[in-house]
Amino acid sequence: MTWRKAFKTNKELTLIRGQLEERVAQRTSALKASQAYLDDILCSLPLMLIGLDKNHLITQWNNKAEDISGVSREKALGSPLWDTYPTLNITEEHLNSALKSQEAIYIKQSQNGLYYFNITIYPLQNQMDAGVVILIDDVTQKILAENMLIHNDKMSSMGELAATMAHDINAPLQGILLDLSSFQGLLTSGQLMAENSSCGKEVQRLNHLLEDASEKGRNVTAIINNLLTFARQRSDIRQAADLTEITQHALTLAGDVLTSSKYLNFSEIRIEKAFDTNLPKVACYIIEMQQALLSLFRHTYDALIAARTTDPLIRIEINLVYDAIWIKIHHNGATLSDDEQMTLFEPFFSNPSDSGSEDMSKRLSFAHFIITEQHQGHIAVTSDPKYGTTFNIQLQAH
């Protein structure tokens, strides 16, 4: 009887043990599934998520952190934060401050034109071991889009202002040109131009002055037409265009609007061209690219005037190198100092205390913005007294 009772008891205990083991296995499986689900959520977050313990060793490292930092999760876990990601703009003071205050800390990290990060550091709550979690949101595309909207608004305002000014100037200018033309016609057909007239030389001199004034008026008309074209034809859609045609048109426009009675006109400069044949077309904003090239030609023209060289030269090369089109604009005018090369593409800001020696014509921030921001290209300058100055522009061919 004792043996039978012990056997029955062991059988019941074995059954209860089996039931408990089954429940534990089910609970363990459910916990593993929940843990896997949470890990999948953390790894799939569109933000960088970095977990740190009290010794600043990495305990969490999701997929976004791998993509941005280039460090795998296996290599990052258990490693010090700054050894794994040294470029992160977070100091030990930030982490200690978050732990001490038990409040989140917000930091912005950026490198102009390359990336923009919003960083949040918050301490873990109700944990045995103190630690923090770092969330890094890559807002680069958002910031660039906002900057582009701001720039488009500015460009729209500039276009409206240019159109208004052009129309306001054009009406009286056309009247002046008409009066000059009529005055010149009267002088030409009148008796004052007779060879025997005592005032013939003075009249010829006056006629020369009128011709010069008429030429200046036509130049102003060309400038106004350029402003109107820029204001009217601004498009938000890129168009496939031939860079050689855009360059030729910019040269023609420069010949119309760039003149100087002191030294030379742009049309008098010797221009050498070396364009590759069968160049692929480039998707670009045609008017903006033309204005950027015109700004470069204006800068080149001013440098040639400053140098007073006896043989002013501009050499333009357009070549296809692999999948990029290179535009090189070289001149033998006045060169740029090291400081001028550093600030050439930065915006100009006037200062009432300045002596006035520096002006906006020495800056190319507008051309730089069009090439780098609107067309995702590159522009650089090299300037040396021995070899002259060269602007190098790179644009993607596709």
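This is a predicted model: local features need pLDDT of at least 70, side-chain atom pairs count only at pLDDT 80 or more; totals for chains, interfaces and linings use all residues.
Trainee: What percentage of the residues in the chain is buried?

Mentor: Here a residue counts as buried when its relative accessible area is under 20%. Applied to the 398 residues in the chain, that cut-off gives a buried share of 33%.

Trainee: Which strands stand at the edges of the open sheet, and why is one side of each left without a neighbour?

Mentor: The sheet is an open one of 5 strands with mixed pairing, and its order is 7-9-10-12-11.

Trainee: Which residue of strand 10 is the bridge partner of Leu320?

Mentor: Strand 9, residues 313-321, and strand 10, residues 324-331, pair in the antiparallel sense over 8 bridges. Within strand 10, the bridge partner of Leu320 is Ile325.

Trainee: At about what angle does helix 9 run to strand 10?

Mentor: Helix 9, residues 286-307, packs on the sheet and touches strand 9, strand 10, strand 11 and strand 12. The direction of helix 9 makes an angle with that of strand 10 of about 25°.

Trainee: And at about what angle does helix 8 run to strand 7?

Mentor: Helix 8, residues 243-257, lies across strand 7, strand 9, strand 10 and strand 12 (388-396). Its angle to strand 7 is about 175°.

Technical notes. Residues are numbered from 1 along each chain as its sequence is written. Side-chain values use heavy atoms; hydrogens and water are left out. Two strands pair if DSSP finds at least two bridges between them. Helices (H or I, at least four residues) and strands (E, at least two) are DSSP runs, numbered from the N terminus. Contact means heavy atoms within 4.5 Å. Axes are lines fitted to C-alpha atoms, for helices over the stretch in contact, and angles run from 0 to 180 degrees between N-to-C directions. Buried means under 20% relative accessible area, exposed over 50%, partly exposed in between (1.4 Å probe, protein chains only).
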